[in-house]
Amino acid sequence: MKTILLHLKNNPLAILGIMILFLWIFAALFGPALLSYNYTEMDMEHQMTTPGEYGHLLGTDALGRDVFARIIYGSRSILTVALMTSLVSSIVGILIGFTAGYFGSLVDTFFLRAMDILMAIPPLVLSMVVLGILGDSSFLSLTLIVSIAFTPATARVARGALLSCKGSEYVDAARIRGESHFIIMFVEILPNTIGPIIVEITARFAYSIMMIASLGFLGVGLQPPTPDWGMMVIENKSIIRAASWTVLYPSLAIASLVIAVSLFSDFVSKVMIHEK
Amino acid sequence: MKNKSILEIKNLDVEYSTLTDKVVALKDINITVEEGESLGIIGESGCGKSTLSYAIMDYLPSNGLSNGKILFKGENLLEKSPKEQTKYRGDRIAMVYQNPYSSLNPSLTIGFQLDEVTMFHRGFSRKEARNASIEALKDLYLGDAAGIVRRYPHQISGGMQQRICIAMALLCKPDLLILDEPTTALDVTTEVVILDIISELKKKYNMSLIYISHDIGVINKVSDRIAVMYRGEVVETGSQHTIYKHPEHPYTRALINCMPRSGIVKEEVRLNAIPGYVAKRSAAETGCPFVSRCEKKTLICQENYGLKESKANHFSSCSRAYAEDVPDKERTRLKIPLENNVKEENILSIKDLYKYYGGPGKKVRALDGVSVSLERNSVLGVVGESGCGKSTMGLTVSGLLKPTKGQLIFDGIDIAVSWRKRTPEILKNIQLIFQNPGRSLNPSFTIETIIGRPMKKLLGIKSKTERRKMVIDILKKVDLGEEYLSRKASQLSGGEMQRVALARAFSISPDLLVCDEPTSALDVSVQASVLNLLGELQQESKASYIFISHDLNVINYISDYIMVMYLGRICEYGRKDEVVGPPYHPYTEALISAVPDVDPDSAKQQIRLEGSPPNPTKKIKGCPFEGRCHKKIGKICETTAPPKVYFSDDHFVFCHLSPGKLGAK
């Protein structure tokens, strides 16, 4: 804990990232309760209001909906889905990567080739196709599909981390003690690979946000009326000249969250891996 | 005859600043090296030997801060700009590092790397540079110099690589050559050759040498004067003879005493260990650096401290080396385990064991028909150069490797299968100690979990409180206290880690312990205490050991029986006293002669083994040692496998020579 604080002191960018991240988490948790507008509420008298007027902090869109309220509500969906995807893809990735790396030879080849096939399809295209087939996307289907798209990458990281520990003598010691494969993989090896895996989870978190925003932008993300940052950008694209704020602020929201998470993830990797 | 000094270091301090605090690496170093003189620097790891050489070469890492004067021929190197320093570094002062494999660039040819030196420092043309390189290689007795320059580093052996590194350092005919443990990573037989070459070249070019090593035997061979370093300070300097015979600083004496030397055996003496370990030094600390581990400390040790000249050319910061010896139980003698040479039954019989690595096209014969047996309650020492198959043997016995052919009879059961097919009973009874204790303890677990796990798994002790009690008991046996229970491996020193590894193995009272170089990664002072502990535990538990080591002195100390291996085959096997004395196999003889002696006055005959063991992928018809043997008879050695010749009931060699020629009376 003390060293983490020391690292933070030498790393002002990480402090900035963590602050922005906390701001968004706070917004997602408590923001809606503090708002004077609902995200579906249409102010019929003030459509496309400039920011700051008539009590609309960031203005309104073509339907008179409050942009600020929609961004705050949107942070809920994007944070939830991104967190879920990074966790699910990491857990599945660890299971696959560990199995492949631990048993090696044929098992390894099988899983690696399967992952290669998945990786050959661009994740965005893969998600779009599957979501298109599934029809209306929900939290669950969005989480699942983005996780599947990300699993090959996390599996490779987990496999690499396992391979770096697999040759250690403590693994040999566990073997000649007659431990089962499961215990060796998840009790002996997993705690020692946790550094790179946590770094991977945080990095995945940033990727997930980008991916979900992109899917929203392409219209296959969460369906209206749930506010979605990516969707907000595409919805208001036609009025960008008349009301630029309707596009600008959701874009800024995406950018700030992605940058904050990336800074945080850099910091985590510095603490977890490089300083050892 | 007083010579001109070539290097003078005055009041040199080096500090490393880390994230949390400052660590003193060198404190007030004063050293002079005269022209044509060779200075040996000795000390445990972490004593600042390498830091000193880096400070001279200006290779300190970016967080290192040096203060003081380093005068090379009267000019202060620390005041020079980086550009001016290149005139000295690599040109007038050259350095050779410990690991030749990582100092050579694997993707460039050896010739290219050698040529670079003279092209840069001397402005030679490509052709001149190549000629100079070949000349330098010839200086080092590298036979086919013109052929070697075209090869890549991985295509030649470790000993040759180190010779290339030395040649590279010598290209500019430096005035001062710094050698930082140049032979530590090499086999003893190669070490002898390199040490000889170094002494010879020193005379030829009238160079000054700084030779850094942890091994006093090696230092003795190449140095005129010795400086002993401890925790960043020079605690004693003097001639080779004075340091060995009349040390004044207690650390010097302790360090010399803890080295197992030839002829010392466990039946007679316990090794002298230095308690504790080399701690990091903070900037605020004053007084004698050794005080926390010293047996002879007094109240004044903290004050009035500094290097003083006691006799001519003999400087020491303390003179209490022979102050009244604290009577200690450490030196009580052990009982002789092999009383009256009573034959015990065999616990393990290895019969015609073969282990091949690799596929059918390219078989590496790691074990090539080994047959040996091990008595209950005895220690079998396995010795040989790297690549002789000694570790493979240990791993097949412990079950990590499945032998290709042959039988391993343990307690009447054939266990020539991998660990997965062994019963829990056998797994419990055969335990393995690894070379690197840091890697054999899981860094994520506490010591209690690490030691308790085998008890739960193999003894079936489910109750946590009961396990804790047993763990505390076993920790006490390895001289560790209860406070270690909740620590993690990374918080322990190397010696403590190896003790924990021993505790883990002994916690389930095995019948057979396979020790794979258990002390090679440790400092001598710690090695001594671990060896003592191993000896004690063996007497107490009546377990048998297979003790694998490359160090003949260690093997001789701990073993009852010794087996000498070469290229996957046995050369010689017998009781310890029979193996280390004549008659012996030529290879055993060469190994014994190669071990550097701790005593500088002992003169023993040297046998130089040229070359390296033959390629293990080729099938050998005759004797594997034939190519390097100094007693080779002729054709018969190449074509016919040597016969097993018995000298006594349990002493045999594989050699064509008649016993008389092998030194038998």
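Biologist: Which residue stands opposite Tyr356(B) in E14(B)?

Modeller: This is a predicted model. In it, Arg365(B) of E14(B) faces Tyr356(B). Strand E13 of chain B, residues 346-357, runs antiparallel to E14(B), and nine bridges join them.

Biologist: What is the strand order in that open sheet?

Modeller: Read across the strands. The order is E14-E13-E16-E17 in chain B, four strands with antiparallel pairing. An edge strand pairs on one side only; here the edges are E14 (364-375) and E17 (413-414) of chain B.

Biologist: Which helix packs on the sheet?

Modeller: Helix H12 of chain B, residues 390-398. H12 touches E13, E14 and E16 (405-410) of chain B. Its direction makes about 65° with that of E14(B).

Biologist: Why is H7(B) described as largely enclosed?

Modeller: Start with the general idea. An α-helix has 3.6 residues a turn, so residues three or four places apart point the same way. Now the case here. Twelve of the 13 residues of H7(B) are buried, so the rest of the structure largely encloses this helix. Among the buried ones are Gly159(B), Arg163(B) and Leu170(B).

Biologist: What covers the buried residues of H7(B)?

Modeller: The cover includes strands E6 (93-96) and E7 (176-180) of chain B. It also includes helices H3 (100-103), H4 (110-121), H5 (126-139) and H8 (188-205) of chain B.

Methods:
Residues are numbered from 1 along each chain as its sequence is written. Chains are lettered from A and ligands numbered from 1 in the order in which they are written. This is a predicted model: local features need pLDDT of at least 70, side-chain atom pairs count only at pLDDT 80 or more; totals for chains, interfaces and linings use all residues. A residue is buried if 20 or more other C-beta atoms lie within 10 Å of its own, exposed if 12 or fewer, and partly exposed in between; C-beta atoms are placed from the backbone. Helices (H or I, at least four residues) and strands (E, at least two) are DSSP runs, numbered from the N terminus. Two residues are in contact if their C-beta atoms, placed from the backbone, lie within 7 Å. Two strands pair if DSSP finds at least two bridges between them. Axes are lines fitted to C-alpha atoms, for helices over the stretch in contact, and angles run from 0 to 180 degrees between N-to-C directions.
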